[in-house]
Amino acid sequence: MTEKILLKGNIALAKGAIAAGCRYYFGYPITPQNDIPEYLSAELPKVGGTFIQAESEIASINMVLGASASGVRAMTSSSGPGISLMQEGMSYMAGSELPGLVVNVMRVGPGLGGIAPTQGDYFQATRGGGHGDYFNIVLAPASVQEMFDLAIKAFELSDKYRNPAMILCDAILGQMKEPVVLEETKTVIPPLKPWALTGSKGRKPQFLKTLYLSDGEQEAHNLELKEKYDRLREEDVLFEAKGLDDSEIVIVAFGTVSRIAKTAIQMAKREGIRVGMIRPITIFPFPTEVIRETAKRIPRVLVVEMNTGQMLQDVKLSIESSVKLRFYGRPGGGIPTPEDMLREIRVMFNEEGF
Amino acid sequence: MKKVFSRPKSLIDRQTHFCPGCTHGTAHRLVADAIDHFGVQEETIGVSGVGCAVFMYDYFAIDAIEAPHGRAPAVATGIKRVHPKKIVFTYQGDGDLASIGTAETIHTANRGENITIIFINNTVYGMTGGQMAPTTLLGQKTTTTPYGRNFRNDGYPIRMAEMLAPLEGVAYSTRVSMHNAKEVLKAKKAVRRAFQMQIEGMGLTFVELLSACHTNWRVKPLEGQKRVEEELIPYFPLGVFKERKGKDFL
């Protein structure tokens, strides 16, 4: 049955989490996301779930970590300063390869800031955010419908890659009401997780850790994580593209801003300016390829954000420059040797076109 | 010949990284003994803190996880809420539990999470090389209190077992020591009692074990045990500070 109902973004997201089979929520109050814990504190007990209002965001994320390690879908939500406090736990989750959903209904900063709509946490979300060499899977909804849909998607991707996922949205998306179609997803059964800690009955004891002290162990672990992020970039990039065939300018915008851009595009059309749009839905992995290919054809790209230019960097990185750029890196305590660098220098020197 | 003493089967047969004479090994034995005693090896999930206690999974033949520094009680909360019938315990040092993780410790205790906390109090940060711990005694020299801990600058050593006891969620709070065989036997009883109460669903159980860190105290192993008796116990008295007899909190 597909019935349309009017819902607030935060509630749609909470409903999406329940639809995804999430039965464990741990959180701490902060505006403008309080509808999520309030709703789940009422609804989770009805479906046999657990809601805990933790003593802090630090405790919240670590409860998510513990529940996730136990094999279930678990989540938390917060905003601004609370998300900053969660970065330690998210780094540990990435390091011990634990899934889990963190919702960031952004508030402006730095510091306590205010509760007005913003996209100022783009860097924090897409660059890992905590310490160490890792990324979060980050989804950026642009409608109340997507608050529901992407909550489900985030759990799927998080489990697929055993990596924390984040929904990055703002006060407009969290607070506004729109019609939503809630698909019959009640039967989602989260996947079995053979790596989970359940007590060692019938198998060998297993453990989850992030500390690697032996020579080369951490580097090997970091390279495994990198393979995972490469696979994400390969298989699970999501974006929406509109009017790219005949436009003279392309707007790149995510979340709330992409909604406003749609109106601007119509206004420009009335003036005879054809404008297309690329809207990243996953902002990590970033839709690099479509932006690169589009920019080759339409070399006028307008980036609009509710910050001073954060996604702008990813757009710049996506667009090919005339300068040849090469990368060599060693993670996890590996140190590049002069020989390593000389090899790279030779490769570059002998490349065609120099 | 009758075998009267052997390694608990919940402990893996391997050499530890602990300094020779360190009582972490003894504490590990006591926990493994309790797990064996109640026959819950395959039902137990351990959570280790950061510090010398971190390598729990190398020594215990049980499911285990490494928590961020100080967060073990929050991680254990998540685990226990998913697996309410499993036995969940944390194993944490004094820097982990009584400094960086104080909030998690107190609130987990206050929620009455039905878990067991094993707390190793050796008055010093061991793994990082002997800095001041929240439990460092007044006058004690550490690498960050080179002139001795002074309450005007550093505050006072914190007594966790006493502090947690009045919280309604706490079912059992005790401090024991491992400085001689007699005390080890008492400690063994305390650890067993804590696990038993968890099995009975009584609430949070807390066992503080006074432990020697002679390496960072810069003394010989036997002198370390002597220091526990002569200096630690007068400030950190042994005893049971709380023991619920029934589920009177319900």
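**Domain and chain contacts: worked exercises**

Taken over C-alpha atoms, the centres of domain 1 of chain A and domain 2 of chain A are separated by 27 Å. The model is predicted: local features need pLDDT of at least 70, side-chain atom pairs count only at pLDDT 80 or more, and totals for chains, interfaces and linings use all residues. Residues are numbered from 1 along each chain as its sequence is written, while chains are lettered from A and ligands numbered from 1 in the order in which they are written.

**Exercise 1.** Describe how domain 1 of chain A touches domain 2 of chain A.

*Solution.*
1. Chain A is divided into domain 1 (4-235) and domain 2 (239-318), with bounds from an automatic or database domain assignment.
2. In contact (C-beta atoms, placed from the backbone, within 7 Å) are 23 residues of domain 1 of chain A and 18 residues of domain 2 of chain A.
3. On the domain 1 side, two or more residues come from each of helix H5 (122-126), strand E6 (137-139), strand E7 (164-170), helix H7 (171-175) and helix H8 (217-235) of chain A. Helices (H or I, at least four residues) and strands (E, at least two) are DSSP runs, numbered from the N terminus.
4. H5(A) provides the largest share of that side, 4 residues.

**Exercise 2.** Describe the contact between chain A and chain B.

*Solution.*
1. Chain A contributes 32 residues, in contact with 28 residues of chain B.
2. H3(A) gives the most to the side of chain A that touches chain B, 9 residues.
3. E9(A) pairs in the parallel sense with strand E2 (residues 63-66) of chain B over 2 bridges; pairing requires at least two DSSP bridges between two strands.
4. Ala64(B), in E2(B), is the bridge partner of Phe207(A).

Technical notes. Two residues are in contact if their C-beta atoms, placed from the backbone, lie within 7 Å.
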